[in-house]
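Please view the sequence and the structure together before reading on.

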Amino acid sequence: MVSTETPTHCPYCALQCGMTLRPVADGTVAEVVERTDFPVNRGALCGKGRTAPAVLRAGVRLTSPLVRDEDSGELEPAGWDEALGRIADGLRGTRAAYGADAVGVFGGGGLTNEKAYALGKFARVVLGTSQIDYNGRFCMSSAAAAHQRAFGLDRGLPFPLEDIPRSGCVILVGSNLAETMPPALRYLTELKENGGRLIVIDPRRTRTAEHADLHLAPRPGTDLALALGMLHLVVTEGRVDEGFVRDRTNGWDAARPAVMAHWPELVERITGVPVPGLRAAVELFCGAASGMVLTARGPEQQAKGTDTVGAWINFCLATGRAGRPLSGYGCLTGQGNGQGGREHGQKADQLPGYRKLTDPAARAHVAGVWGVDPDSLPGPGRSAYELLDALGRDVRALLVMGSNPVVSAPRAGHVEQRLRSLDFLAVADVVLSETAALADVVLPVTQWAEESGTTTSLEGRVLLRRQAVTAPDGVRSDLEVLRALAALLGHGKGFPAAPEEVFDELRRASAGGPADYAGISYERIAAEDGVFWPCPDASHPGTPRLFLERFATEDGRASFVPVTHRPAAEETDAEYPVVLTTGRVVSQYQSGAQTRRVAELNAAAPGPFVELHPRLADRIGVAEGDPVEVTSRRGRAVAPARITLSIRPDTVFMPFHWAGEGRANTLTNPALDPVSRMPEFKVCAVRVAAVAR
């Protein structure tokens, strides 16, 4: 029970809105009240944030470990000693029989920095496995890879959100933030109030697009061609900032030929966006004194997502809209700790501080903090989908923390089969998710208000979530779980359970790395409303704005990367003539494991649907609310029709928050980006039909 008002942050998206938890008299956990002093949201919250305590109520969250009974095959309550012992035996036995890499670990972008750090350390030091990745690979990995190639550093936004309303023009590509992070919409409304212009690029006329001065609706999977076509116009209309290109970039001469091969009329044929729309967008953007391009999952969740983001970065560099005040490229990170979660070691190729696992100096530094031989650290492992695809074959046992791939992974039916084929599966979660329901052992772990820990918002601002309630009896933290498992597996030291102690070790491990947290402490975060990394020492003020003097490359210059449009991994044809794209709705979050347990949110968004244009609905003979069958080469889903003029006639949209018959990710294509290993969630070929009554 809450004993006093506690300032903290929302457990959901990467805005990490400030909120206060206050005790209530009716015996429920707490109620959320506005926290107007936090600058990012100034008290505004969406429905998910307001109802967040509902997930922690008795009867909703897990309160006892569960183990699968060998006779009945059902999950049954068990004690912690039995549950932890079963997990230790399963991991130890698999390792002994098949080798260290037969054991896998799958993390999540919602884990705090402390948990992500400890999970990566546990995998590499205790299990000795290279097979660790996390669901953030499905979210921001393409933007991260493009950031690294162009700027030498990946931080979602290289500037604070407060800069957006003061920019002259913002291009928003593949983001419906009015639904995915509603409190952020005010930054766009303030932009327009200040005289700035907003361009939204999205195949659907979303709630966000309704606010735009200009909305371009390309065919899904053609964002790369669109960016190149707009950059072609920048060149032919004499709008390249030659001085900026000369003084602060490399590679324009190599990138320019590919740009010139994408003339406007060709781009119109590829994207469906008329040439006048392309010209109007370039005029608005280049006519402003400053400008930003912000991307989200639309252009990123493609098998060419890294190149697509790279094309938008090239557009910013050529126009001189990068490394200058109120200008630049940014990625709207999605998950609550999607930024911090990709910095501190739960990625397949990474060590804490955003260090590369293949860098001998990085290995030596982190091994020194961990007290192990650098040569004992395994090399890079499989990316998220490749790891899931290997289950039951090369990877025989899996530990999952904070993820629900049965709903969230592409080709989800196949992933579910692979999970079922494992010799051993353990899941740590706050609720019995669809993935947890398949496990041999399920551990109930603390979440959000029940624990303290840090997250890093989409701005690169490191924040402190404070414990506000006492977890129910029978619930432990992920850090306590990792400490106990490490001890059972022969590592009695090196895995503290106190979050601040873990964070202090993370600071040492990140020191000198690209994502340097060495100068950040719990005290500073609390006193300063968060601290922007990099922050190398206690006297450093933090870095709200990156790249104003130099980029994070060896010579300080940004790099143009030559890119060219290519088709989606799966184009439409006579058998599958319609494009499916997926996304979120305002009242659900990610796989829905938590939000689908909140009555108020379910009342607003009770289930999946298929959004389609009236012309397509007429052609297949469905009316509003009729069941629609959507079939791809990977499976079939059925959901009610939602007929609207806001979507292209050649495209259908499904939200991905639900399991069962309406599971959108049953259909999606796991084709991977060659650089980021991002699956192509946003584009696949389907056929749609009315369901026979």
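Contact means heavy atoms within 4.5 Å. Helices (H or I, at least four residues) and strands (E, at least two) are DSSP runs, numbered from the N terminus. The model is predicted: local features need pLDDT of at least 70, side-chain atom pairs count only at pLDDT 80 or more, and totals for chains, interfaces and linings use all residues. Residues are numbered from 1 along each chain as its sequence is written, and side-chain values use heavy atoms, with hydrogens and water left out.

**A helix pair**

In α3, the residues Glu114, Lys115, Ala118, Leu119, Phe122 and Val126 meet Asp478, Leu479, Leu482, Leu485 and Ala486 of α18. By class, the residues of this contact are eight nonpolar, no polar and three charged (nonpolar: Ala, Val, Leu, Ile, Met, Phe, Trp, Tyr, Cys and Pro; charged: Asp, Glu, Lys and Arg; polar: the others, Gly among them). The axes of α3 (residues 113–127) and α18 (residues 478–488) come within 10 Å and cross at roughly 15°. Axes are lines fitted to C-alpha atoms, for helices over the stretch in contact, and angles run from 0 to 180 degrees between N-to-C directions. The two helices α3 and α18 are therefore roughly parallel to each other, a term for angles under 35 degrees.

**The seven-stranded sheet**

Seven strands form an open sheet in the order β5-β4-β18-β17-β16-β6-β7, with mixed pairing; two strands pair if DSSP finds at least two bridges between them. At the edges stand β5 (75–77) and β7 (132–134), each with a single partner strand, so one side of each has no neighbour in the sheet. From one strand to the next, the twist averages 15°. Within this order, methionine 401 stands opposite alanine 428 in β17. Helix α2 (residues 80–98) lies across β4 (66–68), β6 (103–107), β16, β17 and β18 (441–444), and runs at about 130° to β18.

**The five-stranded sheet**

A further open sheet has five strands in the order β10-β9-β8-β12-β13, with parallel pairing. Its edge strands, β10 (214–216) and β13 (328–331), each pair on one side only. Isoleucine 199 stands opposite leucine 214 in β10. Helix α13 (residues 305–318) lies across β8 (169–173), β9, β12 (291–295) and β13, running at about 175° to β12.

| Strand | Partner | Sense | Bridges |
|---|---|---|---|
| β16 (residues 397–401) | β17 (residues 424–429) | parallel | five bridges |
| β9 (residues 197–201) | β10 | parallel | three bridges |

Note on methods:
Angles under 35 degrees count as roughly parallel, over 145 as roughly antiparallel, 65 to 115 as roughly perpendicular and the rest as oblique.
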